[in-house]
Amino acid sequence: MKLILLLITLSLSLFHNVQGQIINRPLKTLTGRVISETAKISLSGAILLLKKSGTQCITNKKGEFSIQLKTDNDTLLVKYLGYKSKTLIISDQQNPLLIILQKGNSKLHEIIVSTGYQKIPEERATGSFDFIDQNLIDQQVGTDVLSRLESIANGVMVDRSTNSDRMMIRGLSTIRGPKKPLIILNNFPYEGDISNINPNDVKSITILKDAAAASIWGTRAGNGVIVINTKDGSYNKPISIEVNTNITIGQKPDLSYLRIMSSQDFINVEKYLFSKGYYNSIENSSSYPPLSPAVELLIAERDGKISQSEMDEGIKSLANHSVYSDMNQYLYQEAVKQQYAISMKGGSLKNAWILSTGYDRNISDLDAKYNRLNLHLENKYKPITNLEIKAGLYITKTNTQEGKPTYNDIKTSSGSLPPYTRLADNNGNPIPFYMDYRQTYIDTVGDGKLLDWKYYPLEDYQYTSNKVNTLDLLVPELLNLNADWQNITLLHNQAAV
């Protein structure tokens, strides 16, 4: 026991002596000055950081610094805004230090806003606007300008609920007049469909939002203005080729989100209505309107054409089926959007040109097809220093074809489809659907000498020829020969006396 106490006493004594030596050891102080390489001026506010100890300090007005070293070997990091950072190993340096920083190459990007009439710096532009450059546009993969603007432009909304793609800027501004914003393409109003413009040809977009745009474009600017500038060639540049391609695959829509009555509940309602004579007038109508399969089974059992067990078996089969499962299996598919674009541009001392083409192929989740082919050609010529003549051509050819029907498109003359409707049998063969007349009437009319009056939802859409072909030819610059004259303004600074 005495030996243990003696060891503890010796350990505490040694620890106290070592701790006292560490505390009493004088800290080294590193001093010096930070200057720039070019002008040899002092850099005030430079940050110095010792990486191991974490100690840092800031230079004073003369660029001088003083920092304490807690370890023998450490690394000093020196940073200053607009200059390249520098790292020094302290053990290899003398005290005091003279640290020289090199100028950095970072520059602030100047934003040029285009109003359709002129291009001015952002600080000179009045009113509320959004400027979207090419880098931000290319971050999206939509095949049209609208789908790319929805995610990156503030205050821009697209209403797709009515399939009209109505676009609004800061909400609805017009009650009875045209509600679409004004589109300016390369300084000229564009009256065509904005979806015909290939987004890969767009260089920048400026969205003018408030009443300040009316001073430029008049009353048509009441719903906002979208100024689109396409890519062009650059003077005295070698030929460059740019290729862009992307493929987007979308999932099938989830029909389970629709709040509808189940097949069993729907059949229970039909049984109740049948027991109260609700279908008697429809059954005896001279126009023979269609009845649902469950009601047809109830009528057949009442008239003795089938037995009770046969009716119950048929009702049970209908109650265990959902039309949404058939639609998900036979109608809907994964949507695919393909986009291909290639452009070439270049220029000499007095001439600059660009040639680009793009092809888009979209297939919707209902097999609707949309094909678009774009051709963009533009040439700029400078006969003298301050005069530029520009001529351009933009051609768009589109082909649209409708696809399969949706649930709301498949209706009977009596109303919507029952939720237990079958579109195909167990082998996947299409099942006919009675749209305008009852099954008993269609099976007997014409004594079998007429064509098939039945409607097959999985096949009939293939025989409808609903195609739209459009050709959009835009030649504003070719007809107007856009000429820009750049005035030279001489600035003379007069010294104040």
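**Helix α8 and beyond**

A: In α8, the residues Met311, Ile315, Leu318 and Ala319 are buried (under 20% relative accessible area; exposed is over 50% and partly exposed in between, with a 1.4 Å probe and protein chains only). Because these residues cover an arc of only 95° around the axis, they sit on the same side of α8 (the arc is that of the directions from the helix axis to the C-beta atoms).

Q: Which residues of α8 are exposed on the other side?
A: Ser309, Glu313 and Lys316.

Q: Before I go on, what kind of model is this?
A: This is a predicted model, where local features need pLDDT of at least 70, side-chain atom pairs count only at pLDDT 80 or more, and totals for chains, interfaces and linings use all residues. Residues are numbered from 1 along each chain as its sequence is written, and side-chain values use heavy atoms, with hydrogens and water left out.

Q: What should α8 span, at 1.5 Å a residue?
A: The twelve residues of α8 (308-319) should span 16 Å, and the end C-alpha atoms are 16 Å apart, which agrees. The expected span is 1.5 Å times one less than the number of residues. Helices are DSSP runs of H or I with at least four residues, strands are E runs of at least two, and both are numbered from the N terminus.

Q: What covers the buried residues of α8?
A: The cover includes α5 (263-275) and α7 (293-302).

Q: How do α5 and α8 pack?
A: At an angle of about 135°, with their axes 8 Å apart. Axes are lines fitted to C-alpha atoms, for helices over the stretch in contact, and angles run from 0 to 180 degrees between N-to-C directions. The two helices, α5 and α8, are therefore oblique to each other (under 35 degrees is roughly parallel, over 145 roughly antiparallel, 65 to 115 roughly perpendicular, and the rest oblique).

Q: Which residues make that contact?
A: From α5, Ser263, Gln264, Ile267 and Lys271; from α8, Ile315, Leu318 and Ala319. Contact means heavy atoms within 4.5 Å.

Q: New topic. Where is Leu331, and is Leu331 buried or exposed?
A: Leu331 is in helix α9 (residues 323-331), and is buried, with a relative accessible area of 0%.

Q: What does Leu331 touch?
A: Not counting residues up to four places away in sequence, its contacts include Asp365, Leu366, Pro405 and Leu458. Leu331 and Pro405 are 74 residues apart in sequence and 7.8 Å apart in space, C-alpha to C-alpha.
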